[in-house]
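Good morning, and thank you for coming.

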Amino acid sequence: MELLITKPFDAARVLADLRFIYADTLRSTRVFGIAVVAVGAGLGGLLLATSGMSGLVLVQLAIALFGIHIALGVSQNLRRAVSDLPATCQQEALLIVTEEGITEEYPAVRSEVLWSAIIRVVETDTGWLLFYGSRHAMSVPKDGLGEDQEAQFRAYLAARTPVTA
């Protein structure tokens, strides 16, 4: 049995998938950035209030600005990663779901993941992420499926993988 799914390129969906995949890293980086801001601004204020050493205050404020850069820069890097995808990947793809695995075909690139390699499946509002590593996943959008196809795909997932919401 074979299920064919059209996967149009959607930069917003790719970005949302990346944010989901890297959520823990994004969160810890933002927390670190906020901590750097707090330390830099706090020490700067303390130095200014207690000693009037304006030169060192500038250094502390620079540290605080660096913290802002850290906290906000990660999201910018993800957006840049999506916009810098090769043109080959910014095209409509065809997903082919079979008993053996799932294949993603672009006009010039093809990748295949066997069901035995899938370690986790997460259903999101827009589709499924089929993880074959802690940071590696294949995305299956719901908007590329009709009702019958979605039921078939859910049956494939139920028979082969652990699905989490």
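Predicted model: local features only at pLDDT ≥ 70, side-chain atom pairs only at ≥ 80, totals over all residues.

Residues are numbered from 1 along each chain as its sequence is written, and side-chain values use heavy atoms, with hydrogens and water left out.

The largest pocket holds about 590 Å³ of space. Here a pocket is an open set of points on a 1 Å grid over the protein atoms alone, where a 1.4 Å probe fits, with protein on both sides within 12 Å along at least five of seven lines; lining residues have an atom within 4 Å of a point. There are 26 lining residues, and those closest to the centre are Lys-7, Val-14, Glu-104, Tyr-106 and Ala-137. Helix α1 (11-21) is among the elements that supply at least two lining residues, together with α3 (54-83), β4 (110-114) and β7 (137-141). The largest share, 5 residues, comes from α1.

I turn now to the cores. A nonpolar core is a set of buried Ala, Val, Leu, Ile, Met, Phe, Trp, Tyr and Cys residues joined through side-chain atoms within 4.5 Å; buried means under 20% relative accessible area, with a 1.4 Å probe and protein chains only. The largest core has 17 residues, and Ile-5, Val-97, Ile-102, Trp-128, Leu-130, Val-140 and Phe-153 touch the most other members. Two or more residues come from each of β1 (3-7), β2 (93-97), β6 (127-131), β7 and α4 (147-160). Of these, α4 gives the most, with 3 residues. Apart from this core lies another, of 6 residues, including Val-14, Leu-26, Leu-78 and Val-82.

Lastly, which residues is Asp-17 in contact with, leaving aside its neighbours within four places in sequence? They are Leu-129 and Ser-139, where contact means heavy atoms within 4.5 Å. Asp-17 lies in helix α1 and counts as buried because its relative accessibility is 9%. Ser-139, in strand β7, is likewise buried, with a relative accessible area of 10%. The side chains of Asp-17 and Ser-139 are joined by a polar contact of 2.8 Å, that is, a pair of N or O atoms within 3.5 Å, one able to donate a hydrogen and the other to accept it.

How values were computed. Points joined across faces, edges and corners; volume = space filled by probe spheres on them. Helix = DSSP H or I, 4+ residues; strand = E, 2+ residues; numbered from the N terminus. Buried < 20%, exposed > 50% of the residue type's maximum accessible area, 1.4 Å probe, protein only.
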